[in-house]
Amino acid sequence: MKPLTAVLLGAGSRGRYIYGPYAEKYPNELRIVAVAEPDAERRSSFAALHGIAPERTYTSWERAFDEGRIADVMIICTLDRMHYEPAMKAMELGYHVMLEKPMSPSMEECIRLEEASLAAAARRDACAAIFAFLVGHQEVHRRGGTRHCGNDPADGECRLPPYDAQLRAGQLAQGGGDEPDDSREVVP
């Protein structure tokens, strides 16, 4: 089976310590082919580590969309308040989307993301995987549920492990790593 290719938006804590080590450990499953990161040092070190061509390194998430769809998956690890626009654009282009938590700090944006992910899943050319839920997303669930890919093979080809497993893998690979911010999560 050929590996999924991915564009990583944000090579900070989660991008660098969760998805990066996963791609390193399982190159037959995931290959990161482009990175968007405003910090030049992070961007260049991540690109060097993953063998990303210079023309596939971007100074902003917006630049990562200049050539249209260039990979199977868009992994969005930007700042929380910057999740909505790249996620919507990625789904519009047909990417499978790995969206870090929280989906958005805005309830309205969470609802629009939910609607877009359902529409994309219905087209079968994209899906959205969300590994942790903020209060607003749980409200979306109460209003009628959702469909996610990632852990259920029937939902598509996103084959990355659940968020907790990714966090543990990153912590082990880096000798620690960031702890998740559970202050916005509500346990069902």
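Biologist: How many aromatic pairs does a search of the whole structure find?

Modeller: The model is a predicted one, and the search finds three aromatic pairs in it. One of them is formed by W61 and F65, with 5.9 Å from centre to centre and 85° between the planes.

Biologist: Why does W61 count as buried?

Modeller: The cut-off for buried is under 20% relative accessible area. W61 has 13% relative accessibility, so W61 is buried. F65, at 8% relative accessibility, therefore counts as buried too.

Biologist: What aromatic pair do F65 and Y95 form?

Modeller: F65 and Y95 form an edge-to-face pair, at 6.5 Å centre to centre and 90° between the planes. Since the limit is within 6.5 Å and edge-to-face needs over 60 degrees, the pair qualifies on both counts.

Biologist: Where in the chain are F65 and Y95, the residues of the pair that links distant parts?

Modeller: F65 is in the loop between β3 and β4, while Y95 is in the loop between α3 and β5; they are 30 residues apart. Both F65 and Y95 are buried. Ring pairs link W61, F65 and Y95 into a cluster.

Biologist: How do you know that β1 and β4 pair, and in which sense do they run?

Modeller: Two strands pair if there are at least two bridges between them. β1 and β4 have four bridges, so they are paired, and they run parallel. In these strands A6 stands opposite V73, and V7 stands opposite M74.

Biologist: Which other strand pairs with β1, and over how many bridges?

Modeller: β2 does, in the parallel sense, over six bridges. T5 has R31 as its bridge partner in β2. β1, helix α1 and β2 also make a right-handed β-α-β unit.

Biologist: What makes β4 and β5 a pair?

Modeller: They share four bridges and at least two are needed, so β4 and β5 pair, again in the parallel sense. V73 has H96 as its bridge partner in β5. The chain crosses from β4 through α3 to β5, and this crossover is right-handed.

Biologist: Which residues of β1 lie on each side, and are they buried or exposed?

Modeller: L4, A6 and L8 are on one side, T5, V7 and L9 on the other, and all are buried. In a regular strand the side chains alternate between the two faces of the sheet. β4 also has buried residues pointing both ways: V73 and I75 one way, M74 and I76 the other.

Biologist: What is the volume of the largest pocket?

Modeller: The volume is about 460 Å³. Of the 25 residues in the lining, the closest to the centre are G10, C77, T78, L79 and D80. The lining divides into eight nonpolar, eight polar and nine charged residues. α1 gives the most to this lining, with three residues.

Biologist: Which residues does a cis peptide bond join, and what is omega there?

Modeller: The cis bond joins K101 and P102, with omega about -20°. P102 is in the loop between β5 and α4.

Notes. Residues numbered from 1 in each chain as written. Predicted model: local features only at pLDDT ≥ 70, side-chain atom pairs only at ≥ 80, totals over all residues. Heavy atoms only, no water. Buried < 20%, exposed > 50% of the residue type's maximum accessible area, 1.4 Å probe, protein only. Right-handed = clockwise from strand over helix to strand, strands pointing away. 1 Å grid on protein atoms, 1.4 Å probe; cavity = no way out; pocket = protein on both sides within 12 Å on 5 of 7 lines; lining within 4 Å. Points joined across faces, edges and corners; volume = space filled by probe spheres on them. Nonpolar A, V, L, I, M, F, W, Y, C, P; charged D, E, K, R; others polar. Phe/Tyr/Trp six-rings, centres within 6.5 Å; stacked < 30°, edge-to-face > 60°.
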